[in-house]
Structure formats: C-alpha cells, structure tokens
Amino acid sequence: MEKERVRIADIAEELGLSTATVSNVIHGKTGKVSGETVRRVHELVEKRGYIPSMAGILLAQNNSRIIGVVVKDHAKYAGHVLEDGFVSASLNALSGEMDKAGFFMMIKVTTQWDEIVRFASMWNMEGLVLIGFCEQDYKRLRESMHIPFVVYDGYFEETGGICNLTIDHYDGGWQVGKYLKEMGHKKVLCIADNSICMDLERMKGCADAMEENSVDFMQIPVEKRERMIFYEEKEKEIREYTAVFAASDYYAVELLRYFQEKGIHVPEEISVVGFDDSALCQYCFPSLTTVRQDARKRAQKAIGILQNLKAGKQKSMTVKLPVFLVERGSVKNFNSLTVNQKEYSIIKLLGKGKGGYSYLAGDKEKLVVVKQIHHEPCDYYQFGDKMEAELRDYRRLKGIGIRMPELIDFDPEGERIVKEYIEGETVYEMVLHDGQTEESIRQVKEMCRLLYPAHINIDYFPTNFVMQKGELYYIDYECNDYMEEWNFENWGIKYWSKTEEFLRHIREMEG
C-alpha cells in the first residue's frame, strides 16, 4: 500500500507550531523564527521524509526562476504548432540555455493575448519569450503587465518599450537570390501565405539579388487542404519556373513532397529552397537547400536580455542576428561542362590553380573533378602545352606509384580533363583548423622516397593533398624535374603547419 504523503500540517501538529511557522522555515524565511525552532523543524522534516512542493516553494519566493514561452497557435499549423521545425528548434535551444542559467521553462500554446497575462501572473514568472503574435498584441501586453518579455521576430514600426529579437530576413532572401543566380536560374517563384512583414523582406531580398532575372510571388492558402488543391490548380504555372523559394522549410518540404508524389523530379525538373534550416531539411530527399538561423544564439540573447530587463539594466531594443545559406541537394546547377560529348553538371568550384579551374561535377553515376585549362599569365611559372603536360605528368607519376586520382577522360579540343574525385579534407584545411597532420607528413615523406630517386618534384603546397580513409592522395598531376630548393624538406614543409609562411599566405588571400 502506498505510504500517505506527509503534509506541512502534519509537521506543525506534531511540533505544536503553526503551519505558517513551519512553512516559513521550509521556504527559508527564518528571520523571525528562533534558531531552536528552525532546528526542530528541520529534524522532524528529515525524520518524517517530508517532500516539499517545488511549485509551492517557487511561488512563495520573490524569485521563481520560471520563464514562460508562449507560442501562437496559428491556423497554418493545423493544431501541430510545436512540431513546426522553427518552433521546435527555438524551444530546444531555449530549454538548453535556461537550464544553463538556472531557470525552469514553461510552455503555453494559445491564440489569445490576454491568456498570456493570466499565465505569467499565475506562476509568478520572471520573464516571457513570445513567438508568433502581432504588434498590437505585444503593445497590449506591455500595457497590461510589468513582467519583462522578449519577442521573437516581432515586426514593429516603433518598439515602444519592447525587446525584439529578429534575424536579417532581407539578407537571407538576398543570399538565396544570389545563389540561384550563380547556379544559372533566371526565373524564380517565391511562395508564402502572406505578402507582408518578414516574408515580404525575404522575397524582396531574393528579387534584388536576382537583379534583371524574373522573380514572381505567389500567395498560398493557410489551410493545408486548400494548399494541396491550390498546387494542383497551379502546377502547370509553377513548373514554368526553374526554382521555388518558400518562405519556410515547412512549405518547402511540403512542396517537395507534392512534386515527388506527382513524379516531378527535384532538382532535375525544378529546384526548391526553404528558410530556417530545421532538422527535417537533412532527412528529406533530396536534402533541402535553405537559410540557417542560429536558434542557440537567439536563445542566449533572449535569456541575457530578460535578466537585464529584470535588473533594470535594459529597456527597449531590437537585436538583428545574421543568417547564412546552407547548400544541399535540392537546387539544380544550370552550369555544366561537356567533355567529349558527355555532359557533367557543375556542383561547385573546388579551386583555381596556375594551370586551370577544378570543379566538383557529376553525372548520373558518380562525382568527378572536371578541370578546365585556362591561359591566364603566371609570373613565376612557364607553361608549354598544358593539356600535353597534364597527360605526361599523370603517366610519369603513375609509373612510379604515387597515389593520386585516376584519369577518366581527356578532351584536347575542349581543353578539359575528368578525373576521379577524392573526397576528404585537404592538408591545408587540416592545418587551418588545427587538425593533426603528423600522419600526412609521414605519408608525403614516403612519396618523396619514390619521387627523389626518379628526379621528380611535385607541388607540395597542402591544398594539393587530400587525406581519405587514412591514405594521402596527391590530387594534382603537376610534376617537374627535381630541384633541391623546391623539395618537400626545403619548401613544402613550411606550409604544413601554422608557420609564418602559412599565416602570411592566409593574409595575402584575405587581403
């Protein structure tokens, strides 16, 4: 049988004290209580196994350590607001930061601003974080209560005593537009359930970055069932665009799934970009290119501002946090290169060398590197026939057993070569990020034991080496007759750690 819980009244009765006196001792209010009485209460509390109500203790104190998070239950969430990617990421980050700062988090979902006042007062809250309400609601709350609060993504003409934590919506849209333009898109459709405030800023940023290219807006219904009907009706019109920029990941992933159900291939037939970088973006197929906002950083700012508001150190303010584009697999690159009549889609530029540009590219089977020879002048190196040199150097290094990418195709007319893509971190990146390079140095010295007897030097600069599954690859084909001053020990080693030469190179690249 379950043991009956001991109450304050039980302790008071056994000691012959009032319940108020016992309650004061338990809650730490002992200023007017004798030391002997405090001792007696503590002894009996321990003996009887009294478990205090945490809620009661917090409510009885001036400092409850409770922060409320209130989210507006907008119709577009169809009753699942806490499952939304942005909302759930925000709550997760806030929970972690509150725990670090010694606060408790309470969550409420509502559509009515006046419920927030009752919620905050009932629990003697120290502060609130409000998500999804409108300017009028925030102003009413400011007039109705003195509990400090911060707003996520408020849109105000004038803050008027309100602390607003927002992100650079315009720049997020601008980054999307710039990226789509670079990928060769000329006709982009922006979709959102409204054409005001933050969504408008995102769309405007995208349009400005696309410049002379076509960017149109289409307002979609708030209700999911109506959106599906809308997509059916507008499918032909939507497919006239090469890319769709959705105002949120929620809408982007939903549209991506709609396309898949209709047999429309993303990104081959149409590209999709979202906004928020919720967890779902990495797990849908293809993974979603989107704009990331830092939920953790916003949460840190929110807790810090609430503490300052409580202490009277801060009044109204607006904090605008940066965002950045996350490139994944949902956008087609219209820029491609053809090698011997075979087309490769360009994914990104890997680097520019003195002999050519190297691109990460792919066909339907695999990723490759396509190198486009250029004829830009180089003041410290003399070239002959670059294509002939590439083939000659490859055969020369292959013949002595240097580990490097396989040569897949060779197009003298287009001055392009295709070689195996070696995925991994370059030694340059390892040095830059303070990674371990001892094994890389050991393996490059093994290469030297093959190169020096054959009277060959390679380009020992660390961008030309990739470590894959514990094996070091020389990913360039360039080699020259051996000269001691340019061997690894006299020249290359200077760049395989954070030496003055390496740091000077970084400064020159940045400057």
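Which backbone nitrogen lies 2.8 Å from a polar atom of the side chain of D249? That of S278 does, and point 2 below comes back to this spot.

1. Before you start. This is a predicted model, in which local features need pLDDT of at least 70 and side-chain atom pairs count only at pLDDT 80 or more, while totals for chains, interfaces and linings use all residues. Residues are numbered from 1 along each chain as its sequence is written, and side-chain values use heavy atoms, with hydrogens and water left out.

2. D249 is buried yet has no salt bridge, and the nearest side chain of opposite charge, R328, is 6.8 Å away. Here, buried means under 20% relative accessible area, exposed means over 50%, and partly exposed is in between (1.4 Å probe, protein chains only). A salt bridge is a side-chain nitrogen of Lys or Arg within 4 Å of a carboxyl oxygen of Asp or Glu. As for charge, Lys and Arg count as positive and Asp and Glu as negative, while His and the chain ends are not counted. Leaving aside residues up to four places away in sequence, D249 touches G274, F275, D276, D277, S278, C281, L288 and T290, where contact means heavy atoms within 4.5 Å.

3. Two residues with positive phi. D277 sits in the loop between β9 and α12 and is buried, with a relative accessible area of 15%. H455 also has a phi near 60°, and its place is in the loop between α16 and β20 (456-458). H455 is exposed, at 56% relative accessible area. For background, most residues other than glycine have a negative phi, and most peptide bonds are trans.

4. Cis peptide bonds. The bond from V266 to P267 is cis, with omega near 5°, and P267 is found in the loop between α11 and β9 (271-273). Another cis bond joins F285 and P286, with omega about -5°; P286 lies in the loop between α12 (280-283) and β10 (290-293).

5. Parallel strands. Strand β6 (residues 187-192) is mostly covered, since five of its six residues are buried. Six bridges join β6 to strand β7 (residues 214-219), and the two run parallel; two strands pair if DSSP finds at least two bridges between them. In that pairing, K187 stands opposite S214 in β7. Between β6 and β7 the chain passes through helix α9 (residues 197-210), making a right-handed β-α-β crossover. Right-handed here says that, with the strands pointing away from the viewer, the path from the first strand over the helix to the second runs clockwise. β6 also pairs in the parallel sense with strand β8 (residues 243-246) over four bridges, with I191 opposite A246.

6. Strand β1 (residues 66-72) and strand β2 (residues 104-110) pair in the parallel sense over seven bridges, and V70 stands opposite K108 in β2. Together with helix α5 (residues 85-101), β1 and β2 make a right-handed β-α-β unit.

7. Salt bridges. The structure holds 31 of them. In one, the side chains of E14 and R48 meet at 2.4 Å, N to O; this pair links distant parts of the chain, with E14 in helix α1 (residues 8-15) and R48 in helix α3 (residues 35-48), 34 residues apart. E14 is partly exposed at 44%, and R48 is partly exposed at 29%. In another, D476 and K371 have their closest N and O atoms 3.8 Å apart. D476 is in the loop between β22 (471-474) and β23 (479-481), and K371 is in strand β16 (residues 367-373), 105 residues apart. D476 is buried at 13% relative accessibility, and K371 is buried at 7%.

8. A pair within a helix. R442 forms a salt bridge with E439, with the closest N and O atoms 2.6 Å apart. Because R442 and E439 are three residues apart in helix α16 (residues 438-451), they are separated by about one helical turn.

Definitions and conventions
Polar contact = N/O pair within 3.5 Å; in protein donor to acceptor, adjacent residues only side chain to side chain.
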